[in-house]
Amino acid sequence: MAGRTGRGGYGGKEKKAGSTKYPLRMGQLLGAYSIGSIYPCDAHTTVMIAGLDGFNTKNMQDVLDLRLAKHIGVKRLLAPPSEDEGFVPSVRFPGWLYCPKCGRMRHYSLFDTAKAPYCNNPDCSKGMRFKPKLVPERFIVVCPEGHIDEFPIMQWVHGDDCPSPGDPKHVITRRTRGGSAVMGDIVYRCSCGRSRSLSGASSPDMLVKVGYSCGARQPWLDRRDPSGCTADPHDLRVVQMGGTNVCYSDTVSSVLIPDSLDPKVKALASKNYERLAEMESKGMLDLGIQMVAETGGQDAEALRVAYDRIKSEGDDVLSEGDYLHEEYLTLRNPMEPKKGEFVGHWLDASEYDSPLMDEYLTGVSLIDTLTVTRALVGFSRLSPDVNAEQSFAVRRRTLSRRPLDWTLAIQTTGEGIFIELDGERLSEWRERPQVKRRFSEMQRHLDESTKARRQSPKVLNPDYVAIHTLAHLLTLGISEVCGYSAASLRERIYCDKYLDGNDRHDDMHGLLVYTASDSSDGSLGGLVRSGTPGRLEGILLGALRKALWCSGDPVCIESHGQGPDSCNLAACYSCALVPETSCETGNKYLDRGLLVGTLDDRGVGLIDVRGTDAEGEGYDGTSRLSADFESATDLSGSGFARACSLALGLCASEAERDFVTRLGQMGEGRRLSYPRMEVTFFDEGDEEADAMLAWEEERIIVLGERATREFEDAGFSLHPAGWETFFAGTDDPAEVIDALERRS
């Protein structure tokens with residue numbers, strides 16, 4: 001299905017020359033070409049998608065998701081018009097166009113579509129059968145508050161003595177010198193004799209120097225923002241109109257929770273809501289319900305329930321966390337399947353032949369039928385996070401000139417895999433000192449970005465980063481093994497993103513990877529088959545093992561900040577990034593180091609996959625290490641410090657001896673278990689190696705240089721599953737004390 005953009009027309013205005021049709025898929029109105037975005041119709045025509053006021057809603061179909069409508073504060077969700085239902089309103093933007101042959105420029109207004117954009121220079125068309133078509137100027141000015149304007153060519157060339165764009169005494173000619181397309185080689189010349197190149201135009205200071213400031217222009221609404229603009233003039237940016245940062249659509253997704261009401265009843269109530277509300281105000285609701293029910297062939301009592309739900313949409317609006325939690329509980333316990341909307345079943349992790357899944361996961365829900373609704377609530381420019389702290393009511397102000405009780409939405413049906421992680425594993429992991437140290441670097445970058453945007457500080461949740469990274473790795477793993485393109489898959493993270501505020505759900509730690517589109521991609525059950533026992537084990541393990549090493553390493557794994565706002569650590573397009581349409585945060589808050597460990601410290605990772613075999617069928621002997629504590633040297637006779645000092649003879653350097661000495665001093669007088677010295681670790685074969693120090697009940701190992709070499713020679717993991725490893729001479733002995741107290 002496709003809508004059509006018409007050049008010209010806003011709020012129902014008709015333009016004689018605005019009948020040109022250009023295809024636009026419905027989903028694009030909630031994606032790359034949402035309200036306020038620039039749509040390239042062809043090489044000679046670009047338009048801006050107009051506001052919701054200009055849509056003809058008479059033939060637009062209802063999208064049934066009352067829970068989502070209530071959440072964002074509207075009465076109705078309407079699907080974008082299909083090709084048979086009408087046009088998507090649009091206006092011409094930018095207004096500056098130039099002739100690719102002679103360079104003469106002309107300026108058109110938003111609705112000036114009555115004249116074809118041909119060059120009016122008589123010298124240009126001499127000897128030609130047709131006049132050359134004009135081409136839109138590609139440089140525009142974007143404001144972080146959502147305003148947008150054409151590049152101020154007249155002001156750029158003339159300064160304070162600036163004529164209007166249509167002044168016949170000042171005709172601009174655009175030239176490119178040297179055959180290059182870089183900004184410095186583009187020159188504007190005025191018929192009055194003045195000229196200036198675009199060199200330095202991308203610097204905000206240059207716009208300020210020519211006296212330009214944001215005029216709060218909103219071309220998609222045919223007005224200037226009544227609230228004006230409070231942005232710092234230095235924050236304005238000159239960008240190319242095709243850049244991704246010109247318009248980020250702001251959408252809200254929702255998994256449709258099974259409802260006892262028939263979809264036809266809900267559709268009938270939504271379509272006749274205004275009529276029923278009017279009859280209720282006259283005391284005739286019973287009659288209205290009966291009439292509408294008989295006309296639509298539905299049960300009157302069911303219709304009344306549906307009407308009451310719509311009427312109460314403004315009450316008890318759920319917070320973002322509560323809204324996600326409702327979905328989480330449904331995915332976690334899919335006990336009431338409803339055909340056509342939601343069908344799924346839960347599998348305990350023990351049903352998979354994978355010790356790794358049994359250790360780190362609680363279970364998996366295979367969702368055979370999944371209905372997902374996406375609604376447009378606004379857009380932003382320059383950064384996708386601008387609207388993060390605003391209410392839905394404020395965000396929707398950018399979509400229309402006046403408040404409306406509806407917005408655009410699309411609903412698709414697909415399938416998905418829901419995975420729940422073990423909460424106790426996450427709790428133990430995030431308390432590790434090395435995890436806190438690594439995570440603090442990401443938090444520092446987030447603090448810097450929120451401060452630069454004058455936003456309230458946020459405390460990021462380490463659990464979210466780990467789960468989010470796992471969702472990306474699983475998405476990439478499925479796309480490689482099962483033939484799905486990564487762009488056809490989407491993620492939904494069920495975990496508190498931030499730890500500040502009262503909207504906390506500490507029991508929510510899951511992820512959903514799903515496919516749902518209006519095409520056939522993902523409609524044959526391939527994704528669910530990927531999650532069945534015997535398949536998911538290998539896909540998950542393979543994805544995690546690939547994350548251990550990236551083609552960009554060691555640069556990637558040692559990164560101190562990359563990606564949007566430097567809020568990623570070890571995550572690049574060679575290892576953990578996915579198409580932006582697949583990620584709910586625009587490829588932000590990712591670090592495979594926090595998930596599988598780093599080159600220097602596997603203990604910083606949530607999941608230890610070093611000991612898994614290459615075929616993905618489970619752990620091999622190097623991970624299932626056993627320890628002989630009975631034959632090890634007992635050091636419990638004379639205090640914690642004395643027990644540690646006996647291991648000084650195993651130290652290979654002064655740094656190791658200092659580590660052991662300090663460890664003994666820190667533990668003296670505390671109620672801690674005593675270590676055993678030279679504990680032998682062995683696998684199911686004949687390989688074995690001795691640890692310097694080890695604690696049996698707490699499952700803690702201290703390795704020195706010699707012990708590390710023995711573990712490596714034996715082919716053992718330096719971080720065996722279930723054990724926490726520290727290295728004498730490089731780690732802080734205080735971390736060992738903390739681990740002992742935590743695990744005792």
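The following legends describe close-up views of a predicted model.

Local features are reported only where pLDDT is at least 70 and side-chain atom pairs only at pLDDT 80 or more, whereas totals for chains, interfaces and linings use all residues. Residues are numbered from 1 along each chain as its sequence is written, and side-chain values use heavy atoms, with hydrogens and water left out.

**View A. Salt bridge between Arg76 and Asp62.** The closest N and O atoms of Arg76 and Asp62 are 3.2 Å apart; a salt bridge is defined here as a side-chain nitrogen of Lys or Arg within 4 Å of a carboxyl oxygen of Asp or Glu. Arg76 belongs to strand β5 (residues 76-78) and Asp62 to the loop between β4 (45-49) and α1 (66-72), so the pair ties together parts that are 14 residues apart in sequence. Helices (H or I, at least four residues) and strands (E, at least two) are DSSP runs, numbered from the N terminus. Arg76 is partly exposed at 26% relative accessibility, and Asp62 is partly exposed at 23%. In these legends, buried denotes under 20% relative accessible area, exposed over 50%, and partly exposed in between (1.4 Å probe, protein chains only). The structure holds 33 salt bridges.

**View B. Salt bridge between Arg432 and Glu428.** The N to O distance between the side chains of Arg432 and Glu428 is 3.0 Å. Both residues of this pair, Arg432 and Glu428, are buried. Side chains of opposite charge can pair when their charged atoms come close.

**View C. Salt bridge between Asp658 and Arg662 within helix α18.** The closest N and O atoms of Asp658 and Arg662 are 3.8 Å apart. The two residues are 4 residues apart in helix α18 (residues 654-667) and are therefore separated by about one helical turn. Relative accessibility is 38% for Asp658, which counts as partly exposed, and 32% for Arg662, also partly exposed. Elsewhere, salt bridges that share partners join Arg67, Glu326, Glu327 and Arg492 into one network.

View D. Pro94 is located in the loop between β7 (90-92) and β8 (96-98). Pro554 occupies the loop between α15 (536-547) and α16 (592-596).

**View E. Positive phi at Ser566.** Although Ser566 is not a glycine, its phi is positive, at about 55°. Ser566 lies in the loop between α15 and α16. Its relative accessible area of 26% makes Ser566 partly exposed.

View F. Apart from residues up to four places away in sequence, Tyr589 touches Met442, Leu446, Leu460, Tyr464, Val465, His468, Thr469, Lys497, Tyr498, Cys567 and Asn568, contact meaning heavy atoms within 4.5 Å. The side chains of Tyr589 and Tyr498 make a polar contact at 3.2 Å. A polar contact is a pair of N or O atoms within 3.5 Å; within protein, one must be able to donate a hydrogen and the other to accept it, and residues adjacent in sequence count only if both atoms are side-chain atoms. The C-alpha atoms of Tyr589 and Pro564 are separated by 8.8 Å, the two residues being 25 residues apart along the chain.
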